[in-house]
Structure formats: C-alpha cells, structure tokens
Amino acid sequence: MAELAALDDPKVRAVNERHGDDHGVNLTKLRAVAKRLKTQQDLARELWATDDTAARLLALLVCRPKDFGRDELDSMLRAARTPKVQDWLVNYVVKKSKHAEALRLAWTDDPDPVVASGGWALTADRVVKKPQGLDLDGLLDVIEAQMRDAPDRLQWEMNNTLAHIGIEHPAHRARALAIGERLKVLEDYPTSPGCTSPYAPVWINEMVRRKEAAGS
C-alpha cells in the first residue's frame, strides 16, 4: 500500500477522476508492480479488502481467477464501485472463471445497471467466441427496446453486443445496422484519430471491411 501511495500522481488522478476512477497510479507502473509480485491469491484478497481502487486493480492482476467462487465474484462486482475496477474484474477474472456463464445469466437481468452491464460484457464476449446456443434475435430485440434509454455503462455494453453481432454474424448484420442507425447511440462519441468510432454502424462496417480486405 505504501508503494502504491508513492506512485500516486495528481495529474494521473485528475484525468482518471473525469472518467469516474478515484486513483492516480499510472497503469503501466501498476502492471510493472504486478509483474514483479507474480500470482499471489492470498495477497490479492488482502488488497481487494482494502477498498482502495489502485490496490483492487493490482489485486486483479496478481489473483488466480479460477480460485474465486461464484458468490465471491458476484459480491466483488457489486462492491467494485469504479468503472476501471468493474472492467478489469469482468475481463481479467470473470471471463476466465468456470462461473462465467452462470454469472452472465444472473447479471444480465439484474436491476442494478452496473451489475447488468457485467452480464452484457460477458454476452458480447460469447457472441464472438462461443455463439452456439445464444438467441441472437432475442438479444437484438432487447437491445432495440432498451439500449437508447439505458444508463451509460449498461448502454455501452449493449452497444458492444450489438456491434459484435453485426460484425461476426452476417445473417444478423442488416438488422444490427438498422438498429444502430435508428437508435443513434454513441453517434457523436468523441473518437481519437486513427481509432474506430463505437457508433455501431460505423464500427460494424469498418470491421467487416477490414476482414474482407484481409481475406482478399
């Protein structure tokens, strides 16, 4: 904790706070600490228990994802508080857990939009990696009905799911594009030069173009 406190940079904290994250540790430096520590599950649990954002991020880098139980992961997401911790927890830990599918189903319909966003993040991942058994038309129905008015984090993950359906599944591409064009979610999202817009129609068309170019 003393080492993390010494790494805290007010300028980094100011940038992070604009995104809802209350820590000031440069993530490259944080990863260097994690690389030195290697995997330490007991330390990870102790770091998580501090309720400090930088410590929790470090915990997620040094933990052993398969050692967490389903209820433990559920409690961790509900306690995560900040967007970066939520994002790393789902992507670095839950996705590697044998409980990922059970949590995806439980979280997607949770009344807490942050918890529900975790379920949709897992759904987007499954759309790409293991779509067998998913009701893609049903997912598009929910997205079409709920995405425009969803809270920010939930909306973001629904939009990711919409885009991945359009990119990965040609039979559903026209409908995914039509939904994106009609709802216009993230149409005006600021995008850095060289990056692809998260606006689903632009994102889908660009990624399909790249795939076709790579295959030609």
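Q: Where do tryptophan 88 and tyrosine 92 lie?
A: Both are in helix α7, 4 residues apart, which is about one turn of the helix. Keep in mind that this is a predicted model.

Q: How many aromatic pairs does the structure hold?
A: There are 2 aromatic pairs. In one of them, the rings of tryptophan 88 and tyrosine 92 have centres 5.1 Å apart and planes at 40°, so the pair is tilted.

Q: Is tryptophan 88 buried or exposed?
A: Tryptophan 88 counts as buried, at 2% relative accessibility. The cut-off for buried is under 20%.

Q: And how does tyrosine 92 count?
A: Tyrosine 92 is partly exposed, with a relative accessible area of 26%.

Q: What about the rings of tryptophan 156 and tyrosine 189, why is that pair tilted?
A: The ring centres of tryptophan 156 and tyrosine 189 are 5.2 Å apart and the planes are at 55°, so the pair is tilted. The cut-offs are under 30 degrees for stacked and over 60 for edge-to-face, with the rest counted as tilted.

Q: Which parts of the chain does that pair link?
A: Distant ones: tryptophan 156 is in helix α11, while tyrosine 189 is in the loop between α12 and α13 (200-215), and the two are 33 residues apart.

Q: How accessible are tryptophan 156 and tyrosine 189?
A: Tryptophan 156 counts as partly exposed at 31% relative accessibility. Tyrosine 189 also counts as partly exposed, at 38%.

Q: Pockets next. Which residues lie nearest the centre of the largest pocket?
A: Pro83, Lys84, Arg153, Trp156 and Tyr189 lie nearest the centre, out of 29 residues that line the largest pocket. So the tilted pair of tryptophan 156 and tyrosine 189 turns up again in this lining.

Q: How much space lies in the largest pocket?
A: About 950 Å³.

Q: Which elements give two or more residues to its lining?
A: Those are α2 (10-17), α7, α9 and α11 (152-168). The largest share, 7 residues, comes from α11.

Q: What is the lining of the largest pocket by class?
A: It has 12 nonpolar, 8 polar and 9 charged residues.

Q: And the second largest pocket, how much space lies there?
A: About 220 Å³. The residues that line the second largest pocket include Lys95, Glu101, Arg104, Leu122 and Asp125.

Q: What is the lining of the second largest pocket by class?
A: That lining has 2 nonpolar, 1 polar and 7 charged residues. Its largest share, 4 residues, comes from α9.

Q: Change of topic. How many residues has the largest nonpolar core?
A: The largest nonpolar core has 33 residues. Those with the most contacts inside it are Trp48, Leu58, Leu60, Leu73, Leu89 and Val94.

Q: Which element gives the largest share of this core?
A: Helix α5 does, with 7 residues. Other elements that give two or more residues include α3 (27-37), α4 (41-49), α6 (70-79) and α8 (100-108).

Q: What is valine 94 in contact with?
A: Leaving aside neighbours within four places in sequence, valine 94 contacts Leu73, Leu89, Ala100, Leu103, Trp107 and Leu122.

Q: Which residues are in the second core?
A: That separate core of 26 residues includes Met158, Ala176, Ala200 and Trp203.

Q: Which residues of helix α10 are buried?
A: In α10 (residues 136-146), Leu136, Gly138, Leu139, Leu140 and Ile143 are buried. What covers them includes α9, α11 and α12 (173-183).

Q: Is glycine 118 buried or exposed?
A: Glycine 118 is buried, with a relative accessible area of 3%. Glycine 118 lies in helix α9.

Q: What does glycine 118 touch?
A: Not counting residues up to four places away in sequence, glycine 118 touches Leu77, Val90 and Trp107.

Q: How far apart are glycine 118 and arginine 153 in space?
A: They are 9.0 Å apart, C-alpha to C-alpha, and 35 residues apart in sequence.

Q: Last one: where does glutamine 155 lie, and what does it touch?
A: Glutamine 155 lies in helix α11 and counts as buried, at 14% relative accessibility. Not counting residues up to four places away in sequence, glutamine 155 touches Met147, Arg148, Ala150, Val185 and Leu186.

Notes
Residues numbered from 1 in each chain as written. Predicted model: local features only at pLDDT ≥ 70, side-chain atom pairs only at ≥ 80, totals over all residues. Heavy atoms only, no water. Core = buried A, V, L, I, M, F, W, Y, C linked by side-chain atoms within 4.5 Å. Buried < 20%, exposed > 50% of the residue type's maximum accessible area, 1.4 Å probe, protein only. Contact = heavy atoms within 4.5 Å. 1 Å grid on protein atoms, 1.4 Å probe; cavity = no way out; pocket = protein on both sides within 12 Å on 5 of 7 lines; lining within 4 Å. Points joined across faces, edges and corners; volume = space filled by probe spheres on them. Nonpolar A, V, L, I, M, F, W, Y, C, P; charged D, E, K, R; others polar. Phe/Tyr/Trp six-rings, centres within 6.5 Å; stacked < 30°, edge-to-face > 60°.
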